[in-house]
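Trainee: I would like to go through this model with you. Can we take it one point at a time?

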Amino acid sequence: MAAQPDVISVTDLRRHYGEVKAVDGVSFEVHKGEVFGLLGPNGAGKTTTIEILEGLNRADSGSISVLGFDPTHQADQLKERIGVQLQAASLYPDLSVTELVELFATFYARRLPSDRLITQLGLDERRGALTKELSGGQRQRLSIALALVNDPELIFLDEPTTGLDPQGRRSLWEHIERLRGEGRTVLLTTHYMEEAEQLCDRVAIIDHGKILEIGAVDELISRHFSERTLRFRSRAEISDSQLAGLRDVSRVNHEDDEVVLHTSNVPRTIAALLELAEAAGAGDLDVVVRRPTLEDVFLELTGRALRD
Amino acid sequence: MRGFLPLTIANIKSFYRNRAALFWTLAFPVIFIVLFGSIFSGGNQTFPLALVDEDHSQVSAQLITGFDNVSILEAEQVDREEALAHMQSGEFAGVLIIPQGAAASLAGGQTVSLTLITDPSRQTATTALQQVVGQVVASMNLRLTNAPTLLTIQPQTMQTQNISDAAYFVPSILAMALMQLGVFASIPLVSQREKQILKRLAATPLSRVTFVASNVVMRLIIAALQTILIVGIGAWLFGVTVVGNVLVVIGFIVLGALTFLAIGYIIAAWARTEETANAGTSIVQFPLMFLSGIFFPISFMPEWLQPVAAAMPLTYLADALRQTMVGGAAYAGLGVDALVLGAWMVICFLIAGRFFRWQ
């Protein structure tokens with residue numbers, strides 16, 4: 001993968017709105033054929049960054065190359081070759097699915113057959129429906145179809161699954177995974193770490209306009225955690241100091257009403273934990289063993305949970 | 001201009017599927033024209049006339065029979081007090097009084113003068129009553145003097161500068177509809193910006209010039225539909241036909257549509273949300289509607305309001321259409337109309353272009 005040329009290259013990108021530093025010195029590369037994720041909470045600067053790359057917003061400073069073009073000055077050539085899905089953008093409410101896909105196709109020199117796109121995105125049964133009659137998931141799939149009308153080599157997806165139910169989210173993930181299978185490069189933003197873990201080859205964790213970490217998901221996790229976590233519902237009978245004294249436990253955290261123990265030896269810590277629970281009269285504990293997630297990495301980096 | 005034609009077709013489809021837009025731009029002017037037409041059309045108008053007989057003689061009875069036979073009068077015999085009271089309240093257009101002792105005076109060879117009271121503010125009624133009463137009295141004179149009828153009047157009409165009510169309001173309503181079409185163009189634009197449709201389009205190679213051109217052409221196509229509808233109904237129901245040069249009429253329709261479209265674009269530049277755009281259209285359209293002499297001539301307005309009307313672009317569009325379509329009297333010359341509209345159009349397009357935000 002390292003041998004592939006970079007599709008996007010960003011160096012020290014900055015965009016300030018008055019006192020607010022929306023993007024504050026961001027640098028990263030996106031390789032050809034990968035799914036790259038910008039992961040961060042709302043207001044982290046993800047949308048500003050992606051819109052600068054799409055040529056919809058301008059940078060205050062920094063150098064940017066997208067498919068070899070400068071989005072600020074060569075937006076026209078760039079727009080022919082990228083596919084874009086905007087966060088929260090709606091569509092012409094009074095046009096049908098077919099009409100809208102065909103309309104967008106006419107804006108480009110290079111076009112995919114709209115029939116095939118509609119079928120691919122699973123919208124066959126809704127061809128004649130007006131876009132205002134579509135469900136949230138159908139609307140997101142339609143906006144991906146619109147991003148594909150010009151057969152782009154690079155696709156930008158801004159929060160593609162926000163507002164969808166778990167089922168709709170999973171269905172959309174399949175479509176995004178197929179894009180990678182077709183050899184397209186995808187840059188997506190998300191504030192769902194689960195989504196980033198599922199879809200992205202590499203992620204950049206972004207907060208307050210700065211990139212905190214970049215790398216493959218596994219790499220990021222192992223960079224910060226060599227350990228596993230034990231999770232269980234917290235009990236009044238067991239104190240944190242008791243837990244911290246258990247064998248091989250390196251750290252004790254709380255997430256919502258759960259206790260999270262970090263351990264370098266899972267069997268020994270579980271045995272000690274169950275013993276402690278019994279001695280304290282806390283009854284049976286439901287213990288879940290997990291490797292740390294991107295959520296934990298984010299928590300580690302910022303001291304805050306990623307979830308809203 | 002890639003995408004121009006498909007985008008225009010998509011715009012027209014969106015417009016056609018939007019019931020509210022369809023109603024305000026096409027159905028509303030039609031309702032207006034039919035309503036106004038029914039209220040003001042002067043085709044079979046009659047005038048209620050009170051006859052006050054204070055003589056109670058054979059002569060006065062004969063005179064009253066004479067009035068009964070005139071079809072455009074609704075003559076009714078009442079006493080003086082009632083006649084004056086009902087005249088005051090507007091039920092009678094006029095009162096004719098036959099004084100006491102009229103028959104006796106006539107028998108003695110003396111001239112009798114009848115009193116005809118009319119309201120000068122009801123100009124049409126005053127003119128009609130004075131003519132009709134004059135004719136009836138003249139024929140009565142002949143009968144009383146037993147002179148042979150040598151001269152009679154053959155009534156004929158002739159179209160003059162003084163156009164009919166229907167001919168006045170058909171061009172007015174066309175002007176009003178074109179104004180609304182332009183001003184209302186702001187609402188879908190603001191809605192498309194609010195919903196980020198404009199931003200989504202900006203992410204495609206579609207150029208802004210193509211987008212604006214498509215929007216303008218779509219509005220002009222609707223303007224053509226409005227014109228056909230309004231002129232058609234005017235001709236069909238009220239017999240108002242276009243007497244002027246059709247090309248000049250079309251020229252003014254296009255100029256007017258573009259001028260008000262430019263004003264609509266200013267509203268779209270100013271309004272952040274669809275609600276404020278809606279409010280903006282009201283703020284603009286109602287003063288234009290009532291201060292532009294489209295419902296009544298500007299000379300009927302209070303004097304202090306007349307300069308306001310003189311500044312309104314709709315005044316000049318309605319004036320130009322009235323002159324070119326039905327040969328109405330000029331408020332300003334056609335050159336002045338074109339100049340004022342053109343100036344409004346250029347200035348408004350410049351302002352809109354300067355302040356319009358795409359996202």
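This is a predicted model: local features need pLDDT of at least 70, side-chain atom pairs count only at pLDDT 80 or more; totals for chains, interfaces and linings use all residues.

Trainee: How many helices and strands does chain A have?

Mentor: Helices (H or I, at least four residues) and strands (E, at least two) are DSSP runs, numbered from the N terminus. The C-alpha atoms of chain A fill a box of roughly 75 × 45 × 40 Å along the principal axes. Chain A has eleven helices and 13 strands.

Trainee: What area is buried between chain B and chain A?

Mentor: Contact means heavy atoms within 4.5 Å. Chain A brings 27 residues to the contact and chain B brings 24. Buried area is the accessible area (1.4 Å probe) that two parts lose on being put together, summed over both. Carbon and sulfur atoms give 57% of the total, which is about 2300 Å².

Trainee: How many salt bridges does the rule find across the interface?

Mentor: A salt bridge is a side-chain nitrogen of Lys or Arg within 4 Å of a carboxyl oxygen of Asp or Glu. A:Glu99 and B:Lys13 make one, at 3.2 Å from N to O. Across the interface of chain B and chain A, the count is four.

Trainee: Which helix gives the largest share of the side of chain B that touches chain A?

Mentor: Helix H1 (4–17) and helix H9 (197–202) of chain B each supply at least two residues of that side. The largest share is seven residues, and it comes from H1(B).

Trainee: Where does A:Ser96 lie, and which chain B residue is in contact with A:Ser96?

Mentor: A:Ser96 lies in the loop between strand E5 (82–85) and helix H3 (97–105) of chain A. Its relative accessible area is 8%, so A:Ser96 is buried. Leaving aside neighbours within four places in sequence, the contacts of A:Ser96 include A:Arg127, A:Leu130 and, from chain B, B:Arg17.

Trainee: Is the aromatic pair of A:Phe28 and A:Phe36 stacked or edge-to-face?

Mentor: Rings of Phe, Tyr and Trp (its six-membered ring) pair if their centres lie within 6.5 Å; planes under 30 degrees apart count as stacked, over 60 as edge-to-face and the rest as tilted. A:Phe28 is buried at 2%, and A:Phe36 is buried at 0%. Their centres are 5.2 Å apart, with 10° between the planes, and the pair is stacked.

Trainee: How many residues apart in sequence are the parts that B:Phe211 and B:Trp358 tie together?

Mentor: This pair is edge-to-face, 5.7 Å centre to centre with 70° between the planes. B:Phe211 lies in helix H10 (residues 208–238) of chain B, and B:Trp358 in the segment after helix H15 (334–355), so the pair ties together parts whose separation in sequence is 147 residues.

Technical notes: Residues are numbered from 1 along each chain as its sequence is written. Chains are lettered from A and ligands numbered from 1 in the order in which they are written. Side-chain values use heavy atoms; hydrogens and water are left out. Buried means under 20% relative accessible area, exposed over 50%, partly exposed in between (1.4 Å probe, protein chains only).
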